[in-house]
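I opened a notebook for this structure. My entries below follow the order in which I looked things up.

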Amino acid sequence: MEIHHDRHHKAYVDNLNKAIAGTPLESLELPALLADLHAVPEAIRGPVRNNGGGHWNHSFFWNVIAPGKGGAPTGPLADAIVAAFGDFESFKAKFEAAGLGRFGSGWVWLLVSDGKLHIGSTANQDNPLMGKDVSGVTGHPILAVDVWEHAYYLKYQNKRADYLKAWWNVVDWDAASARFKA
Ligand SMILES: [Fe+2]
């Protein structure tokens with residue numbers, strides 16, 4: 001996780017700053033930049049999408065995991081998970097399946113739209129802020145897992161399934177619940 005944060009995540013930050021240096025985009029907040037990629041000049045749209053998405057996604061990721069967490073959600077989020085997926089175990093199975101089903105690199109999201117939860121998956125560093133036409137998903141993110149190989153190769157080699165199962169041990173359900181409430 002240290003290497004993931006200090007090298008991989010850092011590279012997205014550095015490369016985003018490099019891409020927008022000296023342009024009016026420097027004054028935008030990151031969500032506003034990602035929400036209107038069509039307004040980004042074509043010459044730097046790719047780097048902004050990839051590195052801006054990379055920075056936002058990783059910032060989100062670090063804020064929904066923590067050492068010693070895990071367990072199961074309680075309260076309104078737990079109820080919403082049961083309503084959408086039947087029970088907590090079925091939700092976890094569907095979430096893991098989405099992670100295994102993402103070909104190559106990407107992310108799996110637990111999203112809320114109109115009070116209802118659903119699971120979505122994006123390629124590369126795309127995210128729900130970019131809109132459905134760009135990322136393929138909509139909704140407000142509650143939880144996300146990074147399924148890039150760089151997230152797990154040091155400890156799990158090629159075994160994405162093992163990483164996804166272990167990831168539940170660090171999920172911060174209090175953070176996810178706060179996002180669901182918001
Ligand atoms: Fe990552």
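**Entry 1: ground rules.** I took helices (H or I, at least four residues) and strands (E, at least two) as DSSP runs, numbered from the N terminus. This is a predicted model, so local features need pLDDT of at least 70 and side-chain atom pairs count only at pLDDT 80 or more, while totals for chains, interfaces and linings use all residues. Residues are numbered from 1 along each chain as its sequence is written, and side-chain values use heavy atoms, with hydrogens and water left out.

**Entry 2: two loop residues.** I looked up Asn124 and found it in the loop between β2 and α6 (132-135). Its phi is near 50°, a positive value in a residue other than glycine. Most residues other than glycine have a negative phi. I then checked cover, with buried meaning under 20% relative accessible area, exposed over 50% and partly exposed in between (1.4 Å probe, protein chains only). Asn124 has 38%, so it is partly exposed.

I turned to Asp114 next. It sits in the loop between β1 (106-113) and β2 (116-123). Phi of Asp114 is also positive, near 50°. Asp114 counts as exposed because its relative accessibility is 81%.

**Entry 3: the iron site.** Which residues hold the iron ion as donors? I counted N, O and S atoms within 2.8 Å of the metal as donors (3.2 Å for Na, K and Ca); water is not among the atoms, so sites may look incomplete. The protein donors are His4 (NE2), His58 (NE2), Asp146 (OD) and His150 (NE2), at 1.9 to 2.1 Å from the iron ion. Their spacing in sequence reads H-x53-H-x87-D-x3-H. His4 belongs to helix α1 (residues 2-20) and His58 to helix α3 (residues 42-62), so this pair ties together parts 54 residues apart in sequence. Both His4 and His58 are buried.

Four donors count as tetrahedral if all angles lie between 85 and 135 degrees. The angles among the four donor atoms of the iron ion run from 92 to 127°, and the site is tetrahedral. The ideal angle for four tetrahedral donors is 109.5 degrees.

**Entry 4: aromatic rings.** I paired rings of Phe, Tyr and Trp (its six-membered ring) if their centres lie within 6.5 Å; planes under 30 degrees apart count as stacked, over 60 as edge-to-face and the rest as tilted. The count came to 19 aromatic pairs. I looked at Phe91 and Trp173: their ring centres are 6.4 Å apart and their planes at 70°, so they are edge-to-face. Phe91 lies in helix α5 (residues 88-101) and Trp173 in helix α9 (residues 173-181), so the pair ties together parts 82 residues apart in sequence. Phe91 and Trp173 are both buried.

Phe95 and Trp167 gave me a stacked pair, 5.9 Å centre to centre with 5° between the planes. Phe95 is in helix α5 and Trp167 in helix α8 (residues 160-167), so this pair joins parts 72 residues apart in sequence. Phe95 counts as buried at 0% relative accessibility, and Trp167 counts as buried at 3%. I noted one aromatic cluster made of Phe85, Phe88, Phe91, Phe95, Trp167, Trp168 and Trp173.

**Entry 5: salt bridges.** I required a side-chain nitrogen of Lys or Arg within 4 Å of a carboxyl oxygen of Asp or Glu. How many salt bridges are there by this rule? I got six salt bridges. In one, Asp126 pairs with Arg49, with the closest N and O atoms 2.8 Å apart. Asp126 is in the loop between β2 and α6 and Arg49 in helix α3, so the pair ties together parts 77 residues apart in sequence. Asp126 is buried at 6% relative accessible area, whereas Arg49 is partly exposed at 29%.

Lys165 and Glu96 meet in another salt bridge, 2.7 Å from N to O. Lys165 lies in helix α8 and Glu96 in helix α5, so this pair ties together parts 69 residues apart in sequence. Lys165 counts as exposed at 54% relative accessibility, while Glu96 counts as buried at 12%.

Note on methods:
Four donors count as tetrahedral if all angles lie between 85 and 135 degrees; four count as square planar and six as octahedral if opposite donors are over 155 degrees apart and all others between 65 and 115; anything else is irregular.
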